[in-house]
Amino acid sequence: MDIRRVPYDHPDALKLDAEVQNEYHVRYGDGGDATPMDPADFRPPNGVYLIAYDEAGVPVASGGWRVQDANGEGNRDGDAELKRMYVIDQMRGRGLARRMLAALEEDARAAGRVRMVLETGTKQPEAIALYSSSGYEPCEKFGYYRFHEESRCYAKALR
């Protein structure tokens, strides 16, 4: 796999984002993730967006992180928020999500972030299993969906 930094509004990022939004809609029936996001959120040093490409140059996985410091939505100073982790159906089960997660953690750590946080939902058991097996632990709810019953938040120290 070839993992590359790309802008969040890169055509391949937009394609994978549309796919993950559709998956969220299928699972939750709500049109997808409504969390406000801006391409600037993922520009170094305040974040990064990565895409994994297969040997034919096809985008097969994505993920990003963005700076989140103490705010009215439950974040703490030093947080890096994981967003848009996704692997296309035909490439699942090959360790791509775990590789993407490790790359994002390393990048956030190098940027001085102290904790990686993420929000997922009860209808994404594969995501919960990945994060739990990667050292993430349940944490106080934060972000756009912090008051939703199906929301689950996790954190992992980066230092």
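The following exercises, each with a worked solution, concern a predicted model.

**Exercise 1.** Determine which strands pair with β4, and in which sense.

*Solution.* Begin with strand β3 (residues 59-68): this strand and β4 pair in the antiparallel sense over 7 bridges. Within this pairing, Val 67 has Ala 80 of β4 as its bridge partner. Next, take strand β5 (residues 115-121), which pairs with β4 in the parallel sense over 3 bridges. Here Asp 79 stands opposite Arg 115 in β5. Between β4 and β5 the chain passes through helix α2 (residues 96-110), and this β-α-β crossover is right-handed.

**Exercise 2.** State how many residues of strand β4 are buried.

*Solution.* Strand β4 spans residues 79-87. Of its 9 residues, 9 are buried, and the strand is thus described as mostly covered.

**Exercise 3.** Describe the salt bridge between Lys 15 and Glu 19, and locate both residues.

*Solution.* The closest N and O atoms of the pair are 2.9 Å apart. Both residues lie in helix α1 (residues 11-28), 4 residues apart, which is about one turn of the helix. Lys 15 is partly exposed, at 41% relative accessible area; Glu 19 is also partly exposed, at 27%.

**Exercise 4.** Explain why the salt bridge between Arg 66 and Asp 41 ties together separate parts of the sequence.

*Solution.* The side chains meet at 2.9 Å, N to O. Arg 66 lies in strand β3, whereas Asp 41 lies in the loop between α1 and β2 (47-53); the pair therefore ties together parts that are 25 residues apart in sequence. Buried means under 20% relative accessible area. Arg 66, at 6%, counts as buried, while Asp 41, at 24%, counts as partly exposed.

Key:
Residues numbered from 1 in each chain as written. Predicted model: local features only at pLDDT ≥ 70, side-chain atom pairs only at ≥ 80, totals over all residues. Heavy atoms only, no water. Buried < 20%, exposed > 50% of the residue type's maximum accessible area, 1.4 Å probe, protein only. Helix = DSSP H or I, 4+ residues; strand = E, 2+ residues; numbered from the N terminus. Pairing = 2+ DSSP bridges. Right-handed = clockwise from strand over helix to strand, strands pointing away. Salt bridge = Lys/Arg side-chain N within 4 Å of Asp/Glu carboxyl O.
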